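Subject: Structure handover and notes

Dear colleague,

I am passing on the structure below, followed by notes on what turned up in it. Please read the notes with the model open beside you.

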Amino acid sequence: MNSISFQYTLDKVGLSLIVTSNKPNLCFLIDTGATHNIVFSYVYEKFSHLFKPIHYSTVVMGIDGLLKETHQVACTLTFEDTEADSVFSVLDANSAVSQVQRENGVQLHGILGVPFITQNKWILDFNNLSVHC
């Protein structure tokens, strides 16, 4: 079982972040309260070749608390030596992402929510601040 630490990012910026090991390196927030996986629209537009459109949409609550209809895309991400597949909602949250970058110096590309964690059978180890996958 592969283990990925988020101790460093939690200590430095107060966020549980992990970064993909394949290029382009994308930074995702691990959010155990998120009911959907999110890729931000600017990432999808710039790296659309990484995503496979799925022909349905869903409604998610945006960072601003408002319901938003989003289209769905599938993607395979690589973290260290582990590949993980999931479906993501494409969400326009540029102002919130920009604020996180200004405040913490970190550019977020998306959110890994409960669907990602359970689908890929990740185990979050809060004692060691790591993900076992």
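In which strand is Thr 82 found? Thr 82 belongs to strand β7, residues 82–91, where helices (H or I, at least four residues) and strands (E, at least two) are DSSP runs, numbered from the N terminus.

Before going further, two remarks on conventions. This is a predicted model, in which local features need pLDDT of at least 70 and side-chain atom pairs count only at pLDDT 80 or more, while totals for chains, interfaces and linings use all residues. Residues are numbered from 1 along each chain as its sequence is written, and side-chain values use heavy atoms, with hydrogens and water left out.

Thr 82 is buried, because its relative accessible area is 15%, and the classes used here are buried under 20% relative accessible area, exposed over 50% and partly exposed in between (1.4 Å probe, protein chains only). Leaving aside neighbours within four places in sequence, Thr 82 is in contact (heavy atoms within 4.5 Å) with Asn 2, Leu 77 and Cys 133. With Asn 2 there is also a polar contact of 3.1 Å between the two side chains; a polar contact is a pair of N or O atoms within 3.5 Å, where within protein one must be able to donate a hydrogen and the other to accept it, and residues adjacent in sequence count only if both atoms are side-chain atoms.

Asn 37, in the loop between β3 and β4, is likewise counted as buried, because its relative accessibility is 3%. Its side chain reaches the backbone oxygen of Val 87 at 3.0 Å, and a polar atom of that side chain lies 3.1 Å from the backbone nitrogen of Phe 116. Beyond four places in sequence, the contacts of Asn 37 include Ser 86, Phe 88, Leu 112 and Pro 115.

The nonpolar core and a surface patch

In soluble globular proteins, nonpolar side chains tend to be buried together. Here the largest nonpolar core has 40 residues, and those with the most contacts inside it are Phe 79, Phe 88, Leu 112 and Trp 122; such a core is a set of buried Ala, Val, Leu, Ile, Met, Phe, Trp, Tyr and Cys residues joined through side-chain atoms within 4.5 Å. Among the elements that give two or more residues to this core are β3 (27–30), α2 (41–46), β6 (67–79), β7 and α4.

On the surface, Val 59, Met 61 and Leu 67 form a nonpolar patch with about 330 Å² of accessible area together. Met 61 lies in strand β5, residues 52–61, and is exposed, because its relative accessible area is 58%.

Backbone geometry

Most residues other than glycine have a negative phi, and most peptide bonds are trans. The peptide bond from Lys 23 to Pro 24 is cis, with omega near -5°, and Pro 24 is placed in the loop between β2 and β3. Lys 121, in the loop between α4 (114–119) and β9 (123–125), has a positive phi of about 60° although it is not a glycine. Lys 121 is exposed, because its relative accessible area is 64%, and its C-alpha atom is separated by 8.6 Å from that of His 132, eleven residues apart along the chain. Leu 129 also has a positive phi, near 50°, and sits in the loop between β9 and β10 (130–132); Leu 129 is buried, because its relative accessible area is 16%.

Two helix positions

Thr 9 is found in helix α1, residues 7–13, and its side chain reaches the backbone nitrogen of Leu 17 at 3.1 Å. The C-alpha atoms of Thr 9 and Val 106, 97 residues apart along the chain, are separated by 9.6 Å. Gln 101, in helix α3 (residues 94–104), is partly exposed, because its relative accessible area is 36%. Not counting residues up to four places away in sequence, Gln 101 touches Val 106 and Gln 107, whereas the C-alpha atoms of Gln 101 and Glu 83, 18 residues apart along the chain, are separated by 27 Å.

Best regards

Methods: Patch = residues over 30% accessible without salt bridge, like charges linked within 9 Å, V, L, I, M, F, W, Y side chains within 5 Å. Areas by Shrake-Rupley, 256 points an atom, 1.4 Å probe, with all protein chains shown as cover. Salt bridge = Lys/Arg side-chain N within 4 Å of Asp/Glu carboxyl O.
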